[in-house]
Each structure stands twice: as structure tokens, then as C-alpha cells.
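Here is a quick tour for anyone opening this entry for the first time. Have the sequence and the 3D view side by side, then read on.

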Amino acid sequence: MKKLFVTMLVVLVSMSAMAQDKKYGVGFNLLYGTEIKNVGFGVKGQYYATEAIRVEGNVGYYMKKDDVSMLDVNVTGHYLIPVAENLKVYPLAGVGITNWMYGGALKSLVDNTTKFTINLGGGIQYDVAEDFAINAEAKYQIIDHYNQVVFAVGAVYKF
């Protein structure tokens, strides 16, 4: 899986021949996971390899519910398809790692489960301004015994 991840990253990053003016973005997400059954929040960083191809890294933390919380770290590739002025849809695919923490603060240091993920989904982005966008997306996380759908809404500042 590491070789697939590295290969995907190299291919996406090396396709920068048609890069746009805004090459980077930083933002936040509000999240809901169907297996963890709770809300979370996250931060994200984006690299625009071309106008159509974007690589995003994100970290999400899902609040504790029923003595379970989760940390989620992902890298995904997005293919942006313009459908109207300032509006794009995108499929996404990527990999990640999750850490499911059980019990109280001290107990969760030793009582946790770490799993690798494969992410497949899609989203929609609306460019509010040249340097600011909002988005919504849904992705299916394939996780051994923990599969879930993650819904996210967020905003990003591009520079």
C-alpha cells in the first residue's frame, strides 16, 4: 500500500505543467462519520498541481462519544471539473490512517486501534472569490471492520 501511495503522490505532484496562479490552499472542515457516529473538525492543506488536479492533505478529529474518539489523517487527489461559473465538482481518491481511541484520556494512550484507509468519493466546490472557496464532500472510507461514510463541509483560502 505504501508503494501505491508514493506512486500516486509522485504522479499528481509531477503534473504541474499547466499550473494556475493560486497553487496552495489552507482551510478547515466540519465532519460527520457514520461509524464513529459523531461530529468532528479538521484542517486541510491543498496543492494545485494544475487547474484540474489538486492534492489535499487533511487531519480530522472526531469528538468523544460513548468513550470513543477518532483521529483521521488522509491524502487525497481531486480532479476538478467546472460545471458552471465558479462551480466545480470533483471525484476524489486517496489513502489515510485512522486511530480509534477508547476510554478516558489515560486509558486511550494504550487502548486504541490504528487502521489504514482507502478513500473514495466526491465533492462540490464553489469559488466565492478568487482566493476563497467553500465545499461539501462525501467519501467512503474502507477501513478493516470500521468502514464508514464521512460527510464534510468546509472552506479554504487559496494563495
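## A tyrosine to start with

Is Y47 buried or exposed, going by its relative accessibility? At 19% relative accessibility, Y47 counts as buried; that label is for anything under 20% relative accessible area, while exposed is over 50% and partly exposed is in between, with a 1.4 Å probe and protein chains only.

Before going further, a word on the ground rules. This is a predicted model, so local features need pLDDT of at least 70 and side-chain atom pairs count only at pLDDT 80 or more, whereas totals for chains, interfaces and linings use all residues. Residues are numbered from 1 along each chain as its sequence is written, and side-chain values use heavy atoms, with hydrogens and water left out.

## The overall layout

The protein has 1 helix and 9 strands. Both kinds of element are DSSP runs numbered from the N terminus: helices are H or I with at least four residues, strands are E with at least two. Starting at the N terminus, the order is α-β-β-β-β-β-β-β-β-β.

Of its 159 residues, 40% count as buried. Contact here means heavy atoms within 4.5 Å. If you take the contacts between residues at least 6 apart in sequence, 52% of them join residues at least 24 apart.

The structure holds 5 aromatic pairs. Rings of Phe, Tyr and Trp (its six-membered ring) pair if their centres lie within 6.5 Å; planes under 30 degrees apart are stacked, over 60 edge-to-face, and the rest tilted. Y24 and Y47 make a tilted pair, with 5.5 Å from centre to centre and 50 degrees between the planes.

Y24 sits in strand β1 and Y47 in strand β2, so this pair ties together parts that are 23 residues apart in sequence. Y24 counts as partly exposed, at 41% relative accessibility. Y24 and Y47 also belong to one aromatic cluster with Y157 and F159.

Rolling a probe the size of a water molecule over the atoms shows where empty space is left. On a 1 Å grid over the protein atoms alone, a cavity is a set of points where a 1.4 Å probe fits but cannot get out, and lining residues have an atom within 4 Å of a point. Grid points are joined across faces, edges and corners, and a volume is the space filled by probe spheres set on the points. The count comes to 2 cavities of 30 Å³ or more.

The largest cavity has a volume of about 90 Å³. Its lining has 15 residues, with N29, L31, N58, N74 and K139 nearest the centre. Two or more residues each come from β1 (24-33), β2 (38-48), β3 (53-65), β4 (68-79), β8 (132-143) and β9 (148-158), and β3 gives the most, with 5. By class, that lining has 6 nonpolar, 5 polar and 4 charged residues. Nonpolar covers Ala, Val, Leu, Ile, Met, Phe, Trp, Tyr, Cys and Pro; charged covers Asp, Glu, Lys and Arg; the others, Gly among them, are polar.

The second largest cavity has a volume of about 50 Å³. Residues lining it include K44, R54, Y90 and H78. β8 gives the most to this lining, with 3 residues, and the classes come to 3 nonpolar, 4 polar and 4 charged.

## Residues worth a click

H78 is in strand β4 and is buried, with a relative accessible area of 2%. Its side chain makes a polar contact of 3.0 Å with the side chain of T76. Such a contact is a pair of N or O atoms within 3.5 Å; within protein, one must be able to donate a hydrogen and the other to accept it, and residues adjacent in sequence count only if both atoms are side-chain atoms.

Now try N119, in strand β7 (residues 112-129). N119 counts as buried, at 0% relative accessibility. The side chain of N119 has a polar contact of 2.7 Å with that of N74 and one of 3.3 Å with that of Q141.

L120 is in strand β7 too, but L120 is partly exposed, with a relative accessible area of 43%. Not counting residues up to four places away in sequence, L120 touches L92, A93, K139, Y140 and I142.

Definitions and conventions
On a 1 Å grid over the protein atoms alone, a cavity is a set of points where a 1.4 Å probe fits but cannot get out, and a pocket is an open set with protein on both sides within 12 Å along at least five of seven lines; lining residues have an atom within 4 Å of a point.
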